[in-house]
Amino acid sequence: MAQILDGLKISKEIKQEIQLEVEKITEAGKRPPHLAAILVGENGASKAYVNSKVKDCKEVGFVSSLIRLPDTVCEEELLAEITKLNDNEEVDGFIVQLPLPKGIDQEKIINAIDPKKDVDGFHPENFGRMALEMEAFLPATPYGIMTLLERHHIPTRGRHCVVVGRSRIVGRPMSILMSSKGNPGDATVTVVHSHTRNIEEYTRNADIVIVALGAPKYLKADMIKEGAVIIDVGITRVEDTGAKGYHLEGDVDYESCEPKAGWITPVPGGVGPMTRAMLMKNTLLAYKRFNK
C-alpha cells in the first residue's frame, strides 16, 4: 500500500510557520501582510475558492480585501481596479480569480498586474524568471507540489518524471521546476498531452507521475509501475445521489493505483490545501520584498 502525501498536514505546518512570522512582524509595531482578491461574477467554485483564501488570511494574521465585481463589468473597469491595487502601497499582493467572463481578455488582465504583486505567479515576467531559475513568484500549485515532495523527502534527482497535461498554470511550470537544478528538481521530465500517442508507455516507465488534466479517474493502475510516486492535481465535481448531490474525484483512479504506488496524494486533502498555503507564502514573500 502507498504512503500518503498528506497536503492537509503539511499545509497546516506551513500556515503555522507563517503565523509565527506575522506575530513577530506585528509585535515589532509593523503592519501585517495584506492580500487582496478580485472576484468577477457568481461562479460557485470561484466564490468558494476566494472565500477559503479569506479564511486562510485570517488564520495566519494577514489583512485581506475582497473586491467583488458583477459579471457585466467591462474590461476597462476591471483594469482600473487592477491599477488601484498596483498603486496601493498597503497591498502587498493580489490575485484576479480565474476564469473571467466572456468578452474580457484574460492575457491583458494578467499582464496588467504588477509582477511584484503577482502572488499567483501567472505574469510572463515571473514565468520567465522561474524558467531562468531566478527569484520569482512561483505558481501556487506547482510550488505546493514541490514543497510536498521536499517535506516528504521524496528523491527526485535523476528520476524520470512524467507530467500529464501542459497547462500554463500547472503542467508547463511543473515541468520547468522538476527539471531545474536543486532539491527537489534535477529530474528528467517528459510532458505528455492530448496529442501524445500511447501515453501509458510513458507513465509506466515513470518514477513520478503528475496528472493535471481535469479528467476524473484517468490514470489507472495498469498505467503506472510498482512503487511510483503519484501526484493528483485534478479535482472534479461528479454528481451523485448523496446528500450533497456530488462528490469530488481526482484525475487518478485512487482505488486501483493506491495499492501499487509508493506514494500518492489523496483528493481532497492532497494538492489543494498546498496551493492555498503557497499563496500565503508568496504574499509573505511579497511583503518582505516590499518592506526591505
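**Sheets and helix contacts of the predicted model**

Three strands form an open sheet in the order E3-E2-E4, with parallel pairing; two strands are taken to pair if DSSP finds at least two bridges between them. Helices (H or I, at least four residues) and strands (E, at least two) are DSSP runs, numbered from the N terminus. Strand E3 (63-69) and E4 stand at the edges, each with a single partner strand, so one side of each is left without a neighbour in the sheet. On average, neighbouring strands of this sheet are turned by 15° against each other, direction ignored. Axes are lines fitted to C-alpha atoms, for helices over the stretch in contact, and angles run from 0 to 180 degrees between N-to-C directions.

The structure is a predicted model, in which local features need pLDDT of at least 70 and side-chain atom pairs count only at pLDDT 80 or more, whereas totals for chains, interfaces and linings use all residues. Residues are numbered from 1 along each chain as its sequence is written, and side-chain values use heavy atoms, with hydrogens and water left out.

Alanine 37 has leucine 66 as its bridge partner in E3 and stands opposite isoleucine 95 in E4. Strand E4 (residues 93-96) is covered on both faces: Gly93 and Ile95 on one side, and Phe94 and Val96 on the other, are all buried. Buried denotes under 20% relative accessible area, exposed over 50%, and partly exposed the range in between (1.4 Å probe, protein chains only). Helix H3 (residues 75-87) lies across E2, E3 and E4 and runs at about 180° to E2.

A second open sheet comprises six strands in the order E1-E11-E8-E7-E5-E6, again with parallel pairing. Its edge strands are E1 (3-4) and E6 (188-192), each of which pairs on one side only. Strand E5 (residues 160-164) is joined to E6 by five bridges, the two running parallel. In this pairing, histidine 160 has threonine 188 of E6 as its bridge partner.

Two helix pairs were also examined. Two packed helices are described by the angle between their axes and the distance between the axes. The axes of helix H1 (residues 7-27) and helix H2 (residues 44-60) come within 8 Å and cross at roughly 55°. H1 is therefore oblique to H2, where angles under 35 degrees count as roughly parallel, over 145 as roughly antiparallel, 65 to 115 as roughly perpendicular and the rest as oblique. Lys15, Ile18, Gln19 and Val22 of H1 make the contact with Asp56, Glu59 and Val60 of H2, contact meaning heavy atoms within 4.5 Å. By class, three of these residues are nonpolar, one is polar and three are charged. Ala, Val, Leu, Ile, Met, Phe, Trp, Tyr, Cys and Pro count as nonpolar, Asp, Glu, Lys and Arg as charged, and the others, Gly among them, as polar.

For helix H6 (residues 140-151) and helix H7 (residues 171-179), the axes come within 9 Å and cross at roughly 35°. The contact is made by Pro142, Tyr143, Ile145, Met146 and Leu149 of H6 and by Pro173, Met174, Leu177 and Met178 of H7. These residues divide into nine nonpolar, no polar and no charged.

Aspartate 253 is placed in the loop between strand E10 (246-249) and helix H9 (254-257). Aspartate 253 is buried, with a relative accessible area of 14%. Not counting residues up to four places away in sequence, aspartate 253 touches Lys217, Leu219 and Lys220.
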